[in-house]
Amino acid sequence: MTTLDLTPAPGAAPLGRMVAAQTGAEIRAMLRNGEQLLLTMIIPVLLLVGLSSAPILDLGGGSRIGFMTPGVLALAVMSTAFTGQAIATGFERRYGVLKRLGATPLSRTGLMLSKTLAVIAVEVIQVAVICGVALALGWHPAGSPLAALLLVVLGTAAFSGLGLLMAGTLRAEATLAAANLVYLLLLACGGVAFPLARFPESVRPVLELLPISALTGGLRAVLSDGAGLPLAAVAILAAWAAVSLFLTSRLFRWE
């Protein structure tokens with residue numbers, strides 16, 4: 001006669017299961033937050049439809065939807081990986097959520113992995129929605145999707161590093177104000193809605209080194225002009241990613 005062993009066997013779940021559960025929680029929290037939903041979904045789509053339909057941009061006869069779509073894709077990456085993540089993580093730190101999660105079997109590495117996977121999942125939704133709207137408006141993409149994907153991955157790493165650095169070093173209220181201010185400044189000065197050629201030549205070299213300018217310009221070169229992988233944009237984004245993630249690993253405070 002076989003006997004069942006009902007002895008309790010306490011222990012942590014496998015890392016993969018814990019990360020999957022936390023990733024699901026992070027995604028639900030991001031999509032339920034009204035401000036984050038506005039930043040990640042609604043504002044980029046409204047900008048795409050408004051600026052590509054209205055005769056506001058003078059592109060010398062070029063396609064407005066072809067110009068706007070790469071910029072809006074870059075804006076979507078920034079809104080999710082930087083602005084939304086910085087604000088959410090800042091308030092999680094402010095209210096002790098990170099401290100409590102750090103006391104669970106889920107390691108801090110697992111928590112950061114969960115946040116990264118949640119950002120990527122939301123970006124997949126963003127890209128699908130924005131590209132669907134753009135195609136409906138007559139967008140005809142060119143170039144290599146793999147080159148565009150590499151730029152998006154590097155842009156995500158760069159903006160995630162900057163967002164976590166801000167959230168881990170500033171107070172939550174300061175993070176909220178600073179993240180929204182930086183979002184507006186980069187939207188205005190990063191080539192998203194207006195060509196960098198419109199700015200004075202004296203400031204243009206500085207603006208071209210911004211991560212949003214590199215991501216926007218790189219995506220525009222690939223998707224609109226059909227160019228190969230833009231090495232300058234790749235180098236700028238890789239540098240921002242390396243520096244910001246290194247500083248985050250050294251300066252981020254969990255409490």
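At what angle do α2 and helix α7 pack, and how far apart are their axes?

What you see is a predicted model, in which local features need pLDDT of at least 70, side-chain atom pairs count only at pLDDT 80 or more, and totals for chains, interfaces and linings use all residues. Residues are numbered from 1 along each chain as its sequence is written, and side-chain values use heavy atoms, with hydrogens and water left out.

The chain holds 10 helices and zero strands; helices (H or I, at least four residues) and strands (E, at least two) are DSSP runs, numbered from the N terminus. The C-alpha trace spans about 80 × 45 × 35 Å along its principal axes. Of the 255 residues, 45% are buried; buried means under 20% relative accessible area, exposed over 50%, and partly exposed in between, with a 1.4 Å probe and protein chains only.

Now to the opening question. Two packed helices are described by the angle between their axes and the distance between the axes. For α2 and α7 (residues 172–189), the angle is about 10° and the axes are 14 Å apart. Axes are lines fitted to C-alpha atoms, for helices over the stretch in contact, and angles run from 0 to 180 degrees between N-to-C directions. The two helices are therefore roughly parallel, a term for angles under 35 degrees. Glu-35, Leu-39, Ile-43 and Leu-47 of α2 meet Leu-176, Asn-180, Tyr-183 and Leu-187 of α7, where contact means heavy atoms within 4.5 Å.

Helix α2 gives the most to the patch, with four residues.

Let us turn to helix α3 (residues 64–94), where Thr-89 lies. Is Thr-89 buried or exposed? At 0% relative accessibility, Thr-89 is buried. Not counting residues up to four places away in sequence, Thr-89 touches Leu-98, Lys-115, Leu-164, Ala-167 and Phe-252. Phe-67, also found in α3, is buried at 12%.

How values were computed: Angles under 35 degrees count as roughly parallel, over 145 as roughly antiparallel, 65 to 115 as roughly perpendicular and the rest as oblique.
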